[in-house]
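Here are a few friendly notes to read alongside the structure. Have the viewer open as you go through the points.

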Amino acid sequence: MSKTTLICLSDIHWSHTAPSARTNEPDWYAAMASQLRELADFWRSVGHPPIAMAGDLFDRWNPPIQLVNFICPKLLEYFGKDTIFAIPGQHDLPFHSMSQIEKSAYWNLVQNEAIRDISGRKLSNGELTLYGFEWNSSEIRSKKPNSGPGQHVVLCHRYAFSNKSQCYHGADITQTYSTHGFEGFDLLHYGDNHIRWSAPGVVNPGTFYTRYKNDVGQRCGAY
């Protein structure tokens with residue numbers, strides 16, 4: 001079995017109430033916990049690799065404190081510290097503003113060390129280097145990997161696709177991921193597009209939980 005270097009996830013959208021496709025769940029919190037346990041079981045089975053979350057961890061930046069008090073301990077219980085590396089998406093940011101991130105539920109996870117935020121920076125353990133490009137990052141074209149060993153991976157929350165079957169109706173199909181200016185990286189890991197797709201050197205995991213009818217069949221696996 002080959003070594004799993006990184007588990008890639010995006011667009012989890014933790015929410016206090018069940019989304020439309022899940023209203024038959026007797027307990028939405030139990031359903032969220034069940035899928036996190038499933039992820040934890042997989043994570044352990046492949047040797048505890050880092051987990052990268054490419055934005056929109058929460059469905060809104062200010063959910064009820066009950067949800068935050070549920071998710072944060074679960075992440076620490078199942079994965080411990082220094083396992084999950086993340087960037088915020090627009091749903092995680094107050095009024096879509098990075099300058100106000102400290103008001104958010106996302107930042108509560110950072111402060112309690114349930115996740116490590118890598119917005120606007122890179123983080124390396126020698127074998128793997130992650131480069132964080134949060135939603136609406138102004139540095140999309142400015143960072144290139146240094147030469148050196150290991151895998152160099154972009155973590156980016158930006159709508160991306162490689163062909164028209166992977167995007168919303170009416171999208172400009174000339175503006176694919178290949179126009180984003182990332183060159184020389186080993187992997188581009190995108191979030192924001194809920195349609196799961198991949199291309200050589202690129203992954204877009206799609207949704208983590210099936211939330212709406214058009215998410216059916218899009219539940220992500222691990223890349």
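1. A reminder before anything else: this is a predicted model.

2. Which residues of α2 are buried? They are Leu67, Val68, Phe70, Ile71, Cys72, Leu75, Tyr78 and Phe79.

3. The helix itself runs over residues 65–79, 15 residues in total. From first C-alpha to last, α2 reaches 21 Å, close to the 21 Å expected at 1.5 Å a residue.

4. Now look at how α1 and α2 sit together. Their axes come within 10 Å and cross at roughly 20°. Angles under 35 degrees count as roughly parallel, and α1 and α2 are therefore roughly parallel to each other. The crossing of α1 past α2 is right-handed.

5. On the α1 side, the residues that meet α2 are Tyr29, Met32, Ala33, Leu36, Arg37, Leu39, Ala40, Trp43 and Arg44. Their partners in α2 are Gln66, Leu67, Phe70, Ile71, Lys74, Leu75, Tyr78 and Phe79. The residues of this contact divide into 13 nonpolar, 1 polar and 3 charged.

6. Finally, a stop at strand β1 (residues 7–9), where you will find Ile7. Is Ile7 buried or exposed? Ile7 has a relative accessible area of 0%, so it is buried. Ile7 and Pro50 are 43 residues apart in sequence, yet their C-alpha atoms are 6.4 Å apart in space.

Key
Residues are numbered from 1 along each chain as its sequence is written. This is a predicted model: local features need pLDDT of at least 70, side-chain atom pairs count only at pLDDT 80 or more; totals for chains, interfaces and linings use all residues. Side-chain values use heavy atoms; hydrogens and water are left out. Helices (H or I, at least four residues) and strands (E, at least two) are DSSP runs, numbered from the N terminus. The expected span of a helix is 1.5 Å times one less than its number of residues. Buried means under 20% relative accessible area, exposed over 50%, partly exposed in between (1.4 Å probe, protein chains only). Axes are lines fitted to C-alpha atoms, for helices over the stretch in contact, and angles run from 0 to 180 degrees between N-to-C directions. Angles under 35 degrees count as roughly parallel, over 145 as roughly antiparallel, 65 to 115 as roughly perpendicular and the rest as oblique. A crossing is left-handed if the near helix is turned anticlockwise from the far one by less than a right angle, and right-handed if clockwise. Contact means heavy atoms within 4.5 Å. Ala, Val, Leu, Ile, Met, Phe, Trp, Tyr, Cys and Pro count as nonpolar, Asp, Glu, Lys and Arg as charged, and the others, Gly among them, as polar.
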